[in-house]
Amino acid sequence: MIQILFSILLSAFANSPKTESIVQPETEAHSVSDSLLLHPEEMKYLKNIKQITFGGNNAEAYWSFDDSMLVFQSDFAGWDNSCDQVFFVNWQTDDLKANAPKKISTGLGRTTCSYFLPGNKTFVYASTHLGGESCPPVPERRSDGKYVWPIYENFDIFTADLNGTVLSQLTSEPGYDAEATVSPKGDKIVFTSMRSGDLELYTMNIDGSDVKQITTELGYDGGAFFSPDGSKLVWRASRPQSEEEVTEYKDLLKEGLVKPTEMELYVANADGSDVKKITSLGKANWAPFFHPSGEKLIFASNHQTERGYPFNLFMINLDGTGLTRITHDGTFDAFPVFSNDGKYLVFSSNRNNGGTRDTNLFVAEWIGN
């Protein structure tokens, strides 16, 4: 999904706030930069925060298998982008304030959802470049007031090397194929596809073989990730229930659109069995990722807000208990991803953007439970 439409996200959602339960770990020493970039409540979970990018919209940053690099998408005009393209960075040594990272997508069309493959020398990503060299248009504000995400039918999933050379095309079915992520075991990819006529989850081998449908219920299923041991999946989903909701969902889908304002989190075994709904918070709960223990989830949500924003990061147990707020930024925190060794968290945030709408990447040490 093109999740960089932050202006849509920040203005769309409205509902009543919910309560939370907070677990307070012991405090630890923090740096000067922490006091500038972190809310005091966030210092219970994060320290030694580092800002990675400094302009544009930067998101969906994912770790290499050895945790030395991050692959991410950005529309930063200063890097010669007209819409989202894919880059990688050595987050510990590269200075993106002074130097542009290496672009590893084609520079054509719109790209999203990049993820390292085993060996850290290749990656998988989605791109519309086969459908045209220009950026596909972002939907205009609708007269009916509905806030929507585009489901570009030209998205397909590719593999490429770190020089940007496309190595293979993994999907070729008509319609949307995107949102691919890779199992920590290095054997499977999960992705979202429209090939059944609805937005469902599928898995395949990393060479594109053995495609299997994982979800079957009506509604948008997307943004899936494997658990640390590869045995489970977590994802976000909409589940229209009433006749009016079902009609609205189907009508928008015919236009290549989906409304992201009501989403909850689900977990299942990697083969799609034993589906469990984890949240029932209302509003938009999305961008889930497994805690290194495999027993908790971290995710982005606006369920506590009156006006639809801010979005903050929360953690919850797999049985739906222990909801804990992690971040306290005033606008937007999302796309949280733990490093493979569990020591770091990368996320996107509007903090420290000088009053602009820029969304940047941040990496912090994780000191929470």
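**Notes on A178**

I started with who touches A178: beyond its neighbours within four places in sequence, A178 is in contact with A126, F155, I157, F191 and T192 (contact means heavy atoms within 4.5 Å). For I157, I also looked up the C-alpha separation from A178, which is 6.0 Å although the two are 21 residues apart along the chain.

Buried or exposed? A178 counts as buried because its relative accessibility is 0%; buried is under 20% relative accessible area, exposed over 50%, partly exposed in between, with a 1.4 Å probe and protein chains only. I found A178 in strand β11, residues 177-182.

A reminder to myself: this is a predicted model, where local features need pLDDT of at least 70, side-chain atom pairs count only at pLDDT 80 or more, and totals for chains, interfaces and linings use all residues. Residues are numbered from 1 along each chain as its sequence is written, and side-chain values use heavy atoms, leaving out hydrogens and water.

**The whole protein**

I then zoomed out and got three helices and 26 strands; these are DSSP runs numbered from the N terminus, helices being H or I of at least four residues and strands E of at least two. Buried residues make up 58% of the 369 residues. Of the contacts between residues at least 6 apart in sequence, 52% join residues at least 24 apart. I also noted the span of the C-alpha trace along its principal axes, about 55 × 50 × 40 Å.
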